[in-house]
Amino acid sequence: MTPRQNRDRAERGIPEATVARLPVYLRALTGLQERGVATVSSEELAAAAGVNSAKLRKDLSHLGSYGTRGVGYEVEYLVYQISRELGLTQDWVVAIIGVGNLGRALAGYGGFASRGFRVAGLLDADESIVGQEISGMTVAHIDRLEDVIADHGVSIAVIATPAAAAQGMCDRVVAAGVTSVLNFAPVVLTVPDEVDVRKVDLSIELQILAFHEQRKAGGPDGLGRLDADETPPGATQYVEAVDA
């Protein structure tokens, strides 16, 4: 999503929380479409997406789609509406920076092409990786980053490097004109206001799941709330996050 599209969306009053749920609705709708389902009720679509039907109806109303009473939503048209809102009715060119295990997995992910994303470049600094063929593409040296961005018209940079290299790579792609970054590195990137960054941190997601698992099990076995002077070294931020 480009900054201009973000501004247009904000002007139409579409909340960020709604935008975050649109891909979930699209995935559910695509599954229905593949099964030949022509129409779907808000209750059925909400159940497939894992939200309540009132929230779904409010979200879709931001797109100007209200469905038909007694009939529901036309699946094909709703797929088009959401795809257009998300910018998926055109191709977006992606470069993956960092071709370790994660970068290789991303390069081989077949879902990119079917959702409007075309991976046009793989780049790495490791001489033993540069020149390898991965998922039909040749890994280029990171020194060619700016050339790859310019030659292929890269719109989105995926950073899958070690944390220490991520900010430098981000600075380079931003300087080369890329305004959307998907960051898999375990570090917070600093970017100008006009650049959009989405961070994917699997360890954080696992920690959140561990928190909920612990709550379901009744909390830490035999332990009460920690006093400030009992907090283990380095655990302050974790305790603050849990308390919040």
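This is a predicted model: local features need pLDDT of at least 70, side-chain atom pairs count only at pLDDT 80 or more; totals for chains, interfaces and linings use all residues.

User: Is Asp151 buried or exposed?
Analyst: The relative accessible area of Asp151 is 58%. Buried means under 20%, exposed over 50%, and partly exposed in between, with a 1.4 Å probe and protein chains only.

User: Which residue forms a salt bridge with Asp151?
Analyst: Side chains of opposite charge can pair when their charged atoms come close. The rule asks for a side-chain nitrogen of Lys or Arg within 4 Å of a carboxyl oxygen of Asp or Glu. For Asp151 the closest N and O atoms are 3.9 Å apart. The partner is partly exposed at 38%, and its name is Arg144.

User: In which helix do Lys216 and Glu213 both lie?
Analyst: These two form a salt bridge, with the closest N and O atoms 2.7 Å apart. Lys216 is exposed at 63%, while Glu213 is partly exposed at 48%. Helices here are DSSP runs (H or I, at least four residues), strands are E runs of at least two, and both are numbered from the N terminus. The pair sits three residues apart, about one turn, in α10 (residues 202–216).

User: What is the volume of the largest pocket?
Analyst: Rolling a probe the size of a water molecule over the atoms shows where empty space is left. On a 1 Å grid over the protein atoms alone, where a 1.4 Å probe fits, a pocket is an open set of points with protein on both sides within 12 Å along at least five of seven lines; lining residues have an atom within 4 Å of a point. Points are joined across faces, edges and corners, and a volume is the space filled by probe spheres set on them. For the largest pocket this comes to about 1,600 Å³.

User: Which residues are closest to the centre of that pocket?
Analyst: The lining of the largest pocket holds 36 residues. Those closest to its centre are Pro23, Leu86, Leu88, Phe117 and Leu182.

User: Which element gives the largest share of the lining?
Analyst: Elements that give two or more residues include α1 (3–11), α5 (75–86) and β9 (180–183). The largest share is eight residues. It comes from α2.

User: How many residues of the lining are nonpolar?
Analyst: Ala, Val, Leu, Ile, Met, Phe, Trp, Tyr, Cys and Pro count as nonpolar, Asp, Glu, Lys and Arg as charged, and the others, Gly among them, as polar. Seven lining residues are polar and seven are charged. The nonpolar count is 22.

User: Which residues does Gly103 contact, its neighbours within four places in sequence aside?
Analyst: Gly103 is found in helix α6 (residues 101–107). It is buried at a relative accessible area of 1%. With contact meaning heavy atoms within 4.5 Å, the partners are Ile96, Gly98 and Ala160.

User: How far apart in space are Pro162 and Gly98?
Analyst: Pro162 lies in the loop between β8 and α9 (163–175). Pro162 is exposed at 60%. It is 64 residues from Gly98 in sequence, yet C-alpha to C-alpha the distance is 8.1 Å.

User: What is the phi of Ser135?
Analyst: Most residues other than glycine have a negative phi. Ser135 sits in the loop between β5 (133–134) and β6 (137–138) and is partly exposed at 47%. It is not a glycine, but its phi is positive, about 50°.

Note on methods: Residues are numbered from 1 along each chain as its sequence is written. Side-chain values use heavy atoms; hydrogens and water are left out.
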